[in-house]
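Grab a pencil and work through these exercises with the model open beside you. Try each task before you read its solution.

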Amino acid sequence: MINYARQIQEEQPEAPGPVEEHIAPAPRVSVQAFCETVETAAAVQSAGEDRRLGKAHLKIQMGGMAAAIEAYRSAPTPNVIVLESDARTDLLAGLDQLATVCDAGTRVVVIGRINDVMLYRELVRRGVSDYVLAPVGAIDVVRSICNLFSAPEAKAVGRIIAVVGAKGGVGASTISHNVAWAIARDLAMDAVVADLDLAFGTAGLDYNQDPPQGIADAVFSPDRVDTAFIDRLLSKCTDHLSLLAAPATLDRVYDFGTDAFDAVFDTLRATMPCIVLDVPHQWSGWTKRALIGADDILIVAAPDLANLRNTKNLFDLLKAARPNDRPPLYCLNQVGVPKRPEIAAAEFAKAIESQPVVSIPFEPQIFGSAANNGQMIAEISANHKSIEMFLQIAQRLTGRSETKKQKSSLLSPLIEKLRGK
């Protein structure tokens with residue numbers, strides 16, 4: 001057991017439900033829980049189904065402290081032990097016994113009902129890693145286990161944002177690239193765009209970049225993936241924005257296993273505050289895994305029936321697979337195509353039970369010019385109305401509401417007065 005602990009909770013935990021906090025996923029670890037109540041066992045079981053514990057191997061047993069001590073008399077201890085205990089005296093005595101059979105390096109999380117600072121100090125002295133007040137919800141268990149592997153002095157792990165089209169040709173890549181631009185320029189966050197459409201990706205064209213290396217080099221060499229290797233593959237677009245480009249060639253077939261991008265995503269999380277995934281419109285094991293594993297998701301849809309059906313299907317699947325996360329967001333794009341019958345935003349909202357973040361009008365002139373010139377909309381027209389929409393999406397996805405403020409000069413007050421006259 002290690003001598004690392006968090007401060008004792010002063011309030012009862014909130015009821016489980018969608019959360020907006022950012023919790024780093026746990027690595028591949030073994031976790032064994034010994035519960036005394038059915039309610040706690042159910043919460044731990046639900047936590048094991050959360051995406052952030054997707055790599056952890058979780059086993060649940062009843063019997064509390066006594067069962068744990070008996071189990072480890074003849075078996076090695078896992079990376080993490082979760083113990084539920086009600087009684088103070090039995091808890092401390094049990095921990096002393098457990099220490100005699102516990103392997104070095106094992107971390108212990110205690111779930112108890114006694115809110116007492118003296119007990120907390122005794123637990124810290126015995127090397128308990130975390131103490132959580134019961135009753136607990138699934139997200140409390142997820143938070144406790146995941147935080148064991150996040151050093152308190154380290155920078156927050158990067159937030160992954162996945163953008164996907166409800167149908168091919170709806171402009172999801174264009175939206176993702178312009179939103180990433182807004183995150184980097186207006187929110188002043190270091191961000192990277194990962195173009196996952198290796199055969200037909202357009203991120204390199206949109207940012208006017210033609211790097212000799214990109215994401216394919218990482219996917220096809222997983223044993224080489226580390227921070228230094230990924231840094232060499234990144235192409236610098238602006239001071240705050242980088243690109244992990246797709247080769248966009250057909251000399252190879254890009255059939256990937258479900259976990260093909262895991263090493264790339266994990267490495268990017270460790271180095272970049274914000275990662276925007278441009279997910280191609282296809283349904284495979286790895287695209288599904290990328291969407292479910294993302295911190296936030298944006299679905300881009302055009303206002304027609306097929307897009308409505310697909311958005312509804314994606315919405316329902318992702319909400320069910322991510323019960324402790326915010327639901328996905330969606331936006332409508334290419335709204336107002338001349339002579340095309342369209343489904344109104346209100347009808348979309350009624351069917352999906354959620355309002356679109358924005359509805360971006362169909363403006364082929366400026367969007368076409370930007371695509372052909374390798375520029376963002378903000379570079380073509382600094383005051384275009386879609387720029388504010390991209391910023392709204394960026395703020396919703398990152399949780400940041402304040403934009404970067406320009407530095408004021410000594411002449412600013414005088415200039416403002418002259419403007420007012």
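**Exercise 1.** Find which side chain the side chain of Thr40 makes a polar contact with.

*Solution.* Step one: the partner is the side chain of Thr37, at 3.0 Å. A polar contact here is a pair of N or O atoms within 3.5 Å; within protein, one must be able to donate a hydrogen and the other to accept it, and residues adjacent in sequence count only if both atoms are side-chain atoms. Helices (H or I, at least four residues) and strands (E, at least two) are DSSP runs, numbered from the N terminus. Thr40 has a relative accessible area of 3%, so it counts as buried (under 20% relative accessible area, with a 1.4 Å probe and protein chains only).

Before you go on: this is a predicted model, where local features need pLDDT of at least 70, side-chain atom pairs count only at pLDDT 80 or more, and totals for chains, interfaces and linings use all residues. Residues are numbered from 1 along each chain as its sequence is written, and side-chain values use heavy atoms, with hydrogens and water left out.

**Exercise 2.** Work out which strands pair with β4, and in what sense.

*Solution.* Step one: start with strand β3 (residues 80–84), which pairs with β4 in the parallel sense over five bridges. Two strands pair if DSSP finds at least two bridges between them. Here Ile81 sits opposite Val108 of β4. Step two: turn to strand β5 (residues 130–133), which runs parallel to β4 and is joined to it by four bridges. Gly112 has Leu133 in β5 as its bridge partner. Step three: follow the chain from β4 through helix α4 (residues 117–125) to β5, a right-handed β-α-β crossover (with the strands pointing away from the viewer, the path from the first strand over the helix to the second runs clockwise).

**Exercise 3.** Say which helix gives the most to the lining of the second largest cavity.

*Solution.* Step one: list some of the lining residues, among them Asn178, Trp181, Ile377 and Phe390. Step two: α6 (172–185), α15 (377–380) and α16 (385–398) each supply at least two lining residues. Step three: α6 gives the most, with four residues.

Note on methods
1 Å grid on protein atoms, 1.4 Å probe; cavity = no way out; pocket = protein on both sides within 12 Å on 5 of 7 lines; lining within 4 Å. Buried < 20%, exposed > 50% of the residue type's maximum accessible area, 1.4 Å probe, protein only.
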